Amino acid sequence: MKSYKLIEIFNYVKNNEKITLKEISEKFNISQRNIRYEIEKMNEYLLQNNYEKIEIEKGILKSNIWNEVIKLLEEEETYALSSEERKYSLILKTLLEREINQKKLSEELDVSLTTIKSHLKEVKTFLESYNIQLIIKPKKGLELIGEEESIRGALLKVINIIIRGNSKYLKEKIRENILEKISDNGIKRFINYCQKLMGIIVSDEAYHIISNYIKISLYM
């Protein structure tokens, strides 16, 4: 959801303190689930910056700092993802989660369903190069089908592309979802032991590729 839409909602709530989520949903034509999702994201930001979070009590939004929240949103520069960032974000999400829903993706990336469908054509082309398919799963969305080794190989490729690229957004995604969840210390000792055992020294680039593949394997 764009910042201006949240500003509009929060200004309305500030002036109508007992308004419910249901009423907000109906007035702004936004699902209650989506509103809750945006509140969760906003609360993460507020807590990181030492502000009190927005509460939801019996379906009513409550805050003592609406003015500060609105000011933060007004000062925020909305970061629009490039087409390339959206594509690799979708590939990454598909490989990690194995099941995706186009409507949810549209809401998360704040783009139209038409845009998501266009990107999914690119995603499918990439996956097919690894003999992986996205098939329709009735009433749920799309499901990833392929050999585990192929899925890991595709994920390794995407991670290496992202690491070599300039997108802070994508790098943060792989850091949060994979890299920071697995300790580097044990992997480093293991690779060093293998190098010593085999009597070889791998390049820095090869080291990072091996390290990332081990992290992917452990994550999976």
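What follows is a working chat about the helices, cores, sheet and loops of a predicted model.

Student: Before we start, what do local features need here?

Tutor: This is a predicted model in which local features need pLDDT of at least 70 and side-chain atom pairs count only at pLDDT 80 or more, while totals for chains, interfaces and linings use all residues. Residues are numbered from 1 along each chain as its sequence is written, and side-chain values use heavy atoms, with hydrogens and water left out.

Student: OK, at what angle do helix 6 and helix 7 pack?

Tutor: Helix 6 (residues 102-109) packs against helix 7 (residues 113-128) at about 110 degrees, and their axes are 9 Å apart; axes here are lines fitted to C-alpha atoms over the stretch in contact, with angles running from 0 to 180 degrees between N-to-C directions. Helix 6 is therefore roughly perpendicular to helix 7, a label that covers 65 to 115 degrees, whereas angles under 35 count as roughly parallel, over 145 as roughly antiparallel and the rest as oblique. Helices are DSSP runs of H or I with at least four residues, strands are E runs of at least two, and both are numbered from the N terminus.

Student: And which residues make that contact?

Tutor: Helix 6 contributes Gln102, Lys103, Leu105, Ser106 and Leu109, and helix 7 contributes Leu113, Ile116, Lys117 and Leu120, where contact means heavy atoms within 4.5 Å.

Student: Is Ser106 buried or exposed?

Tutor: Ser106 has 13% relative accessibility, so it counts as buried; buried means under 20% relative accessible area, exposed over 50% and partly exposed in between, using a 1.4 Å probe and protein chains only. Leaving aside residues up to four places away in sequence, Ser106 touches Val111, Ser112, Leu113 and Ile116.

Student: Switching to the largest nonpolar core, which residues touch the most other members?

Tutor: Leu95, Leu127, Leu134, Leu155 and Val158 do, out of 32 residues in that core, a nonpolar core being a set of buried Ala, Val, Leu, Ile, Met, Phe, Trp, Tyr and Cys residues joined through side-chain atoms within 4.5 Å. Among the elements that give two or more residues to this core are helix 5 (83-97), strand 5 (141-145) and helix 9 (168-177), and helix 8 gives the most, with seven residues. A second, separate core has 22 residues, including Val13, Ile24, Ile39 and Leu72.

Student: What does Leu134 touch?

Tutor: Not counting residues up to four places away in sequence, the residues that Leu134 touches include Thr94, Ile100, Leu120, Val123 and Leu142.

Student: And the sheet, in what order do its three strands come?

Tutor: The three strands form an open sheet in the order 3-5-4 with antiparallel pairing, and two strands pair if DSSP finds at least two bridges between them. Strand 3 (99-100) and strand 4 (133-137) are at the edges with a single partner strand each, so one side of each has no neighbour in the sheet. Strand 3 pairs with strand 5 over two bridges, and strand 4 pairs with strand 5 over five bridges. Leu142 of strand 5 is the bridge partner of Ile100, and Leu142 is also the bridge partner of Ile136.

Student: Which residue has a positive phi in the turn between strand 4 and strand 5?

Tutor: Lys139 does, at about 65 degrees, in a hairpin with three residues between the two strands. Lys58, in the loop between strand 1 (55-57) and strand 2 (60-62), has a positive phi of about 55 degrees, and it counts as exposed at 86% relative accessibility.
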